Every structure is written in structure tokens, then in C-alpha cells.
Amino acid sequence: MTGRFFAGSATSRIAITIAVLLAIAVIVPILNIAVPTGSALHVPNYVVGLVGKYLCYALLALALDLVWGYCGILSLGHGAFFALGGYAMGMYLMRQIGDRGVYGNPLLPDFMVFLNWKELPWFWSGFDQFWFAALMVMAVPGLLAFAFGWFAFRSRVTGVYLSIITQAMTYALMLAFFRNDMGFGGNNGLTDFKDILGFNIQANTTRSGLFAATATALAFGVFVTWCIVGSKYGKLLMAVRDAESRTRFLGWRAENVKLFAFTVSAVMAGIAGALYVPQVGIINPGEFDPANSIEVVVWAAVGGRGTIVGPIIGAVLVNAGKSWFTGALPEFWLFALGGLFIAVTLFLPSGIVGTWDRWQPARPARGTAKVDVVPERIVAPAESSGAHPMAGAKPQPQPAE
Amino acid sequence: MGFLRKVVAACLIVAATLHGAAADEADLRLLVAKFAAAKNFQATEAVVRELGATGDPAVEKLLTALSQGGLYVRKGDDAVFVGDETGQDVQLRDPLNGAPAGVAAKADLSKVKVNNALRRVIRDALGGLTLGSKDPAVRLAAADTMFRNPDPAAIAALDTAIAGEDVTSVKTRLEQARAAAVLLSDLGEADKMTAIDTLSARADQDALSQLTRFHTSAQGALRDAAGAAVALIHQRLALWQVAQNVWYGISLGSVLLLAAIGLAITFGVMGVINMAHGEMVMLGAYTTFVVQQAIRALAPNLFDWSLAVALPMAFLVAGAVGLAIERGIIRFLYGRPLETLLATWGVSLILQQAVRTIFGPTNQEVGTPPWMSGSLQLGQLAITWNRLCIVVFCLAVFALLLWVMKRTRWGLQMRAVTQNRRMAASMGIRTPWVDALTFALGSGIAGIAGVALSQIDNVSPNFGQGYIIDSFMVVVFGGVGNLWGTFVGAMSLGILNKFLEPYAGAVLGKIIVLVLIILFIQKRPRGLFALKGRAVEA
């Protein structure tokens, strides 16, 4: 019931979002390439790069929203999937450099020559082919998420515990990728890219192409999420979010429901990372920093979790704010970000989109049927006992059990 | 009368000593003058032996100069000098007290000649001189030097020194030095057997290298004995290595425990995910810095006590900030742990940036009081005082906290509110205040931890970030809501980490520990010591 209401009411909004994304995928490159530099309609190169980056972040936030907003799994490790996708793409781009590196070695990337590696490690083979790299961009984060989720969900690690071990996962990966003998460039990561699919990565036509690809990927991500959420499976997903034990007692395998969402979400995050790397020109272990993953959560929270459009708006707004602050008032950015975390959780628990929806009295049908904007109902059942005697009473502390 | 007698006696003693010293010096000068008459190596050697036999440290410079060919006799009056050649001239100095004695042309002087045999005699005499020193520390150092460079020719000197030695520790070292020399000498098998026993009793890296060297060259029974001794020492050293690892592990474990113990209260007892916990530790460290700056400026002689002053200050500062966070933010978010996580993360960002704005982004130097520097040697174990202090301090904080939770009225109220809030409220406990004070206590403990950790880590705005993930791991691993679980968790993670480090390296060891914790949580999702009963989620 609720799912159909939700899907029905949101259809027009989703359609508009997809249309807008596809439109900017076409228009922005045209305005960048075809319109002369002096014209008022010209989109400068740096804007293309910047917005392209924001759209990658938006895809990452959307991926997180699929598991957090719709399934109640707060992953503090989504940055790891993003970075793994980025590394897979980075490895392809490193292999494309060929003998144009500083040391001119046709097979080995510069950092390997520098570290006295004699041959390419086995896990680098195949990355000279784009199709293989593209497969790995999806397969590596997907498999990691599948293995991680397989163990975690089957042993019913939920709520805060799951958040903490996802954080431990990205922290462990960060430490691992910082090591030089891992074979991923250590501290410096992968950089100095030259070509992608034979096109010069610095050229503005290539950059416009990447921008178009990112916008299209985001539109596709929105479509996939919408399909998942609107389907019968989507209702199951929300049932697990709101009352996991009850869903299990009704005969559904809650762990499988969660595992599917977690894996799909990780693949989306991996694709976002892969599109991000050629646009910013570097990938290093700093992307695994647990702080980055937590920042993704705030993008989704600002826009409105449990909505499809919200995370996209949140990611773009917060990152635009970050770009402005780090340019104008660099020392105040962390104050602003910290304040945003507090303000959103205290005063705007359903985010911009969720709050806007609630203030629309003209659509009564939706107001009663909404499932995605009442925060207490979203989170509380997931980690405290399903029918806690205190539920609904004044908020009070409970032991973490 | 008694007093007068004492004064007189003292005067007499002083006079006698002065007289004795003067007489000694006169005697020495007579001896030194004999160098002028010594026309061949044998005669010179006799003089050197006589000088060595005096055991007077004053002849040390003279003998050293002689062995380097820097002892001269003036042709005019047969006076003996120590000299430094500068071109055609020689700078002369008095042979005993080193006072400058003018310049003379090279042609007017004759050098006292030395050969290698004589140099060896001089070296022995010098060794005997330091071995005969009045300061036990000098004798100990001499014994150690002779142990590391064993020389069969020194055995006689060592025997004399051993016979005259009355400090047990020095005597043991002298015997060990003698044993090392005996192994290289051509003495009989029985002597060498005793020497092997002496060395294997010492059982350290130096003794091991001496015995290994001997083992490769020895024959027959001696070879077997040496081999057995080498094996024994290897075994002992391996045991010491284990002890060393355990100590390092306990040391790391107590650091983890200090960082996690406040979290064990806020997260474990109250169920609040406080991501700003690391920043409470950082505030404690910065409080230490500020207190030390103030003490340096106002009362420098109190610097030894700066940490004692900083402890209550850090508790108050971090506790007050914690109270403000609880009243201002967290109390609106009870029952929504994931939102609490996000909001406290925001608080942590703000606190970090605030500290960065006030104190700057660079590391601040926090001084260590003199009584905390240096180290303690326990067998083969080197224990630094500051690590030992942290271990002891950590145990004290843990015991205090346990006492507060189990024995005080406040602790009783805290536990009552945790177990059944409504029942506790019906009994007249003001639950909101208990919540606020519990959170303040956890934060204050984190501040205290910051004082201790400022002694071993760089105090920067990112100080707390390094501890937050480890702290959560410790609490989750140990079992939420259980202080003993946190203790066992911290110690076992610390020791496990230090045992992995030699094989895997520091970073890989840490990664392995993280992966093991993730796997462990799959097996026991509620930690080592999970709470049982109706409170546990279905």
C-alpha cells in the first residue's frame, strides 16, 4: 500500500529529476564546447569539473540513501566502496600511461619502478583493458560488500554495531592502502593520468564527455533506485527498516533483503568513484578516511533520507557550500559542517525534501501514508528492542543493547 | 670538650691527607723522572709497571701520552714532559697535572720510544688503573669495557681487581670479564669450563656473541659445553623477548584502556554514541599544555607538579564541556543512537576547529617532569618510567571508576537509571540529572586520559582522532555496558597487537587486529562479556 502511494506520488518528481539530469548531460557540454569563451552562455571548464565532481558525490549519497534511508543500515564505510571503484579506474588509467611516465617503463607504473618492483603484480594484470577495469569497478566493491554483508547480516549485527564495524572496515582499508608494498602507490596513490579510452584526459572535450557520463550515470542510478524502491522488494526493504523482527517472523529472510540492497549500493558507490577519479585526476588512500564516509551521511541527511531526490540535492548543496567556504573562509568550514551535522539532526531530522513534503497541506493523501519522514520510526526499531516500553514516550537513554 | 676534640681530629685528618697527597706526588715525580734514565724498552717497561702499581689516577694521562708517543725528555735538564707537536716546536705540559710548561724546539727534546709490546703493557696498566678507581661506577664501566673487548693479557689485572673488590655487582661483572678473557686465553679446560658457566649465567646478547665465537673455534667437551650454553642463552633470551612483548602489550593496552574508559561509561553504560569522545581526550591534553604554560610563567619551580595540577583541571574542563553537550544536544536525541552519532560527530568537528583556531594547527610541546624520564632496567627488560607511570595511572583510574560505580550513592543511582529508568524515577531519583552527570563523568575521565596521553603523543588538534576508532573497538570488543569487559578488551587487544608486530609490522599488525575484531563481532555481536537477560534485544 504505502509503497504504491509513495511510488505514485513520487513518479512525477523522479521523472523530472531524470529529465533534468539527462538535459544537463547534453546541454552543459554543448555550452562548454560549442559556445565561444566570451559569450554569457559559455560554461567555463572549471565549472564543468566542479559540477561533475558534485554529481559523483550525489551518486555516492544516493547509494548510501538506498541502504540508510530505505533499509535502516547506517554504513559509515561507503567511502571505502567509492575509493575501491576509484582505484580500479585509477589502475586502468595508470596502465594507459604506458612508457610516457617519468621513468619511461612501458609496463610498470612510475611508483613501482621507484620502489624497485621487477614485474607487474598479478592483481594489476588485465587493467590495461577498459572492459576489464569497468567490470572491476563494479565487481570489487560489490564482492566486498557481499562478503561483508553476508557475514554481518547473518550474525544479525545491527544498528550501531554495524556502523562501527563498517567504520573499522574503511579504516583498515585506509591503513592497508597507505602501505607501499600493497602495490597501489602507497601514500601518493595513483596520479599523472594521460589518456582515457584514447582521449587526452586534460582536454575539455574529454572532460565534457566525462561530465555527460556522470550525469547519465546519476540519472540511471536514480532510475534503478526508484525501480527497487517501488517494487515489492522495496516494500520489504522498508518493512525490514521499520520492524526487522516482525518481518522475520512473517517468514521473510531479512538478511537476504539487506544483503541485496547493500551490494547494489556498493556497486553504485564504486561507479561513482570510478567517474570521480578521471575528473579530479588523482586517487589516494585519503579517500578511505572514515571522516569522508561520515560526511557522506550528512549529505544524505541534509537532503532528506528516505527520498530519492534528497541525497542528490544534499550532496550538491553541501559540497557547493564547502567549495565556497574553503575559498572564502577556510577556517570556518569545519564550524559550518559541524553545525550542519547538529542542526540537521536536531531541527531538520527528515531533511530538506522531507520537510518540504510535510509542509504541503494540499496533498493530504500523501501526508498520511508517508513512511519515510518520521525519524523515530526509522531508526529506533532497528537497534533497540522492537516494542520497547519507552517507545513513543519522551526520548530517554537506553543501554546500547 | 667533645666538640673541640672532634675539631682537632678533623684538622689532623685533613692535614694528614694533604701531606699524604703531597708525598705521593713527590714520589710520583721521582718515578716519572726515571723515564729520562731509561735507555731501552725493558727499562721503560719497568718504569711503566712501577707507575701502574701506584694505582694513582694521576698517571693516566701520562701513560696514554706515552703509548701515543707523546712523552718527551728535555735534553738540557732531563725533565720529563707531555708534549704536542706543532710544526718544528713542541708544546710542553706537566706530565702529572697537565699545566702548560712552555715551548721547546724539537731538536732540544728526545722522545721516549715505545713499541707494540710496551703498548700492551701500558694498556694493561691503564686498565688496572680504572679497575682500581675509587668510584664503583667507573670500575663497573671498566669491567664492561673489558668484557666487550676481552684480552687474555688482562686476566692477571682482573684477578687482582676481583680479589680487592667489595661491591657485589661490580665483582660479578669483573668475573664475567675475566671469563670472557679466559675463553680467548690458552688456559686449561677446567678454567674454560668455569668460564662458560659464568658466561651462560649472564645470559644476555653480549655473552651470547662471546660464546658463539668460542663455540665455532673450540674442540671436544668444551665445544659441547659452549653449544649447550648458547642454546640455553637463546632460550632465556626468547623468554625475555616474550616478557618484553607482554610489557609493551600491557603498555599499549593501558593506553587503549585510558582512551576507552570514558567511552565505556558514555557508550557502554548510557548507550550514547559519543563521536566527540576523542576531542574530550584532546581537551585534556590541551589543558595540560595550558597549565604547564601558566606554571612556567608564574611559578617555574612548581613544574614537577604540573601534571598533578593538570589532572583536576582536565577533569573539570572536559567534564564541563561534556555536561554542556549532554544538556544542549544529546538529551534531545535519546533513543535515536544513529542521530546521536551524527550530532556528536558535528560537535567533534567544531571542537577540533575551535582548538585549531585558538592554539594553531601545529603540535604543542607538553613537557615531561624529570621524575618521569629515564628508564628502569629489569633483567633484559627496559621499562621507561613514563610508560610505567601510565600503566599505574590507568589502573588507578580504573579502580577509582569501579569504586564510584559500585560503592557510591551516585554510582548506585547511575546503575539504577540504566537498568530501569521509570522505576528509578519513581524512587525519587532525578533521572535527567543522573544522565547529565554520568555523561560529564565519562567526559571528565576522557579529559584525565588526555593528561596522561599528552606525555606519549603529539598534542595537536587531531590528537583525539587517533584514539576514537581504537576506543570504539575496545568497548565493542569487550562488551558494551561492562567495565571489566573494557579492561580485558583493552589489554588483550594491546598484547595481541604487540605480538603481531614483530611478524607483520606495525601497520599490518593493526590491520590484522581490526579484521579479527570485525570477524569476532560476527561471532559474538555483543562482545566478549555481553549483558544477558531481558534487556538484550530480541
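Mentor: Gladly! Let us begin with a pair of helices: α14(B) and α17(B) are roughly antiparallel to each other, a label for angles over 145 degrees, where under 35 counts as roughly parallel, 65 to 115 as roughly perpendicular and the rest as oblique. Helices here are DSSP runs of H or I with at least four residues, strands are runs of E with at least two, and both are numbered from the N terminus.

Trainee: What should I know about where these values come from?

Mentor: This is a predicted model, where local features need pLDDT of at least 70 and side-chain atom pairs count only at pLDDT 80 or more, while totals for chains, interfaces and linings use all residues. Residues are numbered from 1 along each chain as its sequence is written, chains are lettered from A and ligands numbered from 1 in the order in which they are written, and side-chain values use heavy atoms, with hydrogens and water left out.

Trainee: At what angle do the axes of α14(B) and α17(B) cross?

Mentor: In general, two packed helices are described by the angle between their axes and the distance between the axes. For α14 (residues 385–407) and α17 (residues 431–453) of chain B, the axes cross at roughly 170° and come within 11 Å. Axes are lines fitted to C-alpha atoms, for helices over the stretch in contact, and angles run from 0 to 180 degrees between N-to-C directions.

Trainee: Which residues in α14(B) and α17(B) meet?

Mentor: On the α14(B) side they are B:I390, B:F393, B:V397 and B:L401, and on the α17(B) side B:L441, B:I445, B:I448 and B:A452; contact means heavy atoms within 4.5 Å. By class, this contact has eight nonpolar residues, no polar and no charged ones. Here Ala, Val, Leu, Ile, Met, Phe, Trp, Tyr, Cys and Pro count as nonpolar, Asp, Glu, Lys and Arg as charged, and the others, Gly among them, as polar.

Trainee: Now chain A: at what angle do α2(A) and α11(A) pack?

Mentor: Helix α2 (residues 45–68) and helix α11 (residues 290–303) of chain A pack at about 80°, with their axes 9 Å apart. That angle makes α2(A) roughly perpendicular to α11(A). A:Y57, A:L60, A:A61, A:L64 and A:W68 of α2(A) make the contact with A:V296, A:V297, A:W299, A:A300 and A:A301 of α11(A). The residues of this contact divide into ten nonpolar, no polar and no charged.

Trainee: How do I read the length and burial of a helix?

Mentor: The expected span is 1.5 Å times one less than the number of residues. Buried means under 20% relative accessible area, exposed over 50%, and partly exposed in between, using a 1.4 Å probe and protein chains only. Take α6(A), residues 159–178: its 20 residues reach 29 Å from first C-alpha to last, close to the 28 Å expected. As 19 of its 20 residues are buried, α6(A) is largely enclosed by the rest of the structure. In chain B, α11 (residues 277–298) has 22 residues and reaches 32 Å, close to the 32 Å expected. Of those 22 residues, 16 are buried, so α11(B) is also largely enclosed by the rest of the structure.

Trainee: What do the buried residues of α20(B) pack against?

Mentor: They pack against α5 (130–154) and α6 of chain A, together with α18 (465–478) and α19 (483–504) of chain B. Among the buried residues of α20(B) are B:I511, B:L514, B:I518 and B:F520. The end C-alpha atoms of this helix, residues 506–523, are 26 Å apart, which agrees with the span its 18 residues should have.

Trainee: Is A:T17 buried or exposed?

Mentor: A:T17 counts as buried, at 13% relative accessibility. This residue sits in helix α1 (residues 2–33) of chain A. Not counting residues up to four places away in sequence, A:T17 touches A:V309 and A:I312. Its side chain also reaches the backbone oxygen of A:R13 at 2.7 Å.

Methods: Polar contact = N/O pair within 3.5 Å; in protein donor to acceptor, adjacent residues only side chain to side chain.
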